[in-house]
Amino acid sequence: MIDTPAVPTGELVLSLRGVSKNFGAVSALTDIDLDVHAGEVVALVGDNGAGKSTLVKILAGVHQPSSGAISFQGKQVVLADPSAALTLGIATVFQDLALCENLDIVANIFLGRELNPLRLDEVAMEVRAWTLLNELSARIPSVREVVASLSGGQRQTVAIARSLLLEPKLILLDEPTAALGVAQTAEVLNLIERVRDRGLGVVIISHNMEDVRAVADRIVVLRLGRNNGIFTPDASNQELVSAITGASNNSVSRRAERRQARPDHTQEPHS
């Protein structure tokens, strides 16, 4: 059964209707609908090959849709390239983060967007970097630390701070907690909540259902390049796995059935 999520109250930032993407004879996405509101975290989940990365690349301007309409803040738009997406207000943090390990945090945040590039305004850049990191309550001792010395959670923080530099309306996060430990994952999830509290729309791709439940307001399932349900964070593992895999009979559902049946089998016999 598909849950009916509460209607978001923020402004509709992004709306996709009937978006499809073909690579030659291969159909990667078919008739995708997606809405993201201001101050909302939408989790995009699905198995490998479900079309999640393709959809994010369309929103980031890397790929153009074969058909369908994309609206941003109520106006239909064309995301011709990554620069157009950024200018519009869509920032993307890909899984590899694209950080330069030999440069410090300030240089990474302003990479390609330096203030007064002919004569760098290091002071203004450092102040702005500290401001962004403080707004995210980042646990970083110095903005002059080189990225190579940072933990995985701190690197994710730097990448998100860089994405906020142009004051976007929507942030896309591709597997933000992948390969992170428990403490670093908690740090990144707190970071996502703080981004949402700033009034931004957030889309996260994740395979970790616990992470998704921790921060998502709605969970959108893709299967084989198509929409396959919208769920609330309190949806059961059984419901989510069934939507993701398309199979109602799986290890999660069988475990749930055994758990429901167990009380009947554990009752003491009547004397």
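The protein exposes about 13600 Å² of accessible area, and carbon and sulfur atoms supply 51% of it. Accessible areas come from the Shrake-Rupley method with a 1.4 Å probe, and for residues only the protein chains shown count as cover. This is a predicted model, in which local features need pLDDT of at least 70 and side-chain atom pairs count only at pLDDT 80 or more, while totals for chains, interfaces and linings use all residues. Residues are numbered from 1 along each chain as its sequence is written, and side-chain values use heavy atoms, with hydrogens and water left out.

**Overall make-up**

The secondary structure consists of nine helices and 10 strands. Helices (H or I, at least four residues) and strands (E, at least two) are DSSP runs, numbered from the N terminus. Of the 271 residues in the protein, 45% are buried. Here buried means under 20% relative accessible area, exposed means over 50%, and partly exposed lies in between (1.4 Å probe, protein chains only). Among contacts (heavy atoms within 4.5 Å) between residues at least 6 apart in sequence, 65% join residues at least 24 apart.

**A sheet and its helix**

Four strands form an open sheet in the order E2-E1-E4-E5, with antiparallel pairing. The edges are strand E2 (26-37) and strand E5 (75-77); each has a single partner strand, so one side of each is left without a neighbour in the sheet. On average, neighbouring strands of this sheet are turned by 25° against each other, direction ignored. Two strands pair if DSSP finds at least two bridges between them. Strand E1 (residues 12-23) and strand E4 (residues 67-72) run antiparallel and are joined by five bridges. Leu-16 stands opposite Ile-70 in E4.

Helix H1 (residues 52-59) packs on the sheet and touches E1, E2 and E4; its direction makes about 120° with that of E1. For such angles, axes are lines fitted to C-alpha atoms, for helices over the stretch in contact, and the angles run from 0 to 180 degrees between N-to-C directions. Six of the eight residues of H1 are buried, so this helix is largely enclosed by the rest of the structure. The buried residues are Lys-52, Thr-54, Leu-55, Val-56, Ile-58 and Leu-59. After H1 comes Gly-61, whose phi is positive, near 85°.

Most residues other than glycine have a negative phi.

**Asp-211**

Is Asp-211 buried or exposed? At 9% relative accessibility, Asp-211 counts as buried. This residue lies in helix H7 (residues 209-215). Apart from neighbours within four places in sequence, Asp-211 is in contact with Thr-177, Thr-185, Leu-189 and Ser-206. With one of these, Thr-177, the side chain of Asp-211 makes a polar contact through the side chain of Thr-177, at 2.7 Å. A polar contact is a pair of N or O atoms within 3.5 Å; within protein, one must be able to donate a hydrogen and the other to accept it, and residues adjacent in sequence count only if both atoms are side-chain atoms. Ala-186 is 25 residues from Asp-211 along the chain, and their C-alpha atoms are separated by 8.7 Å.
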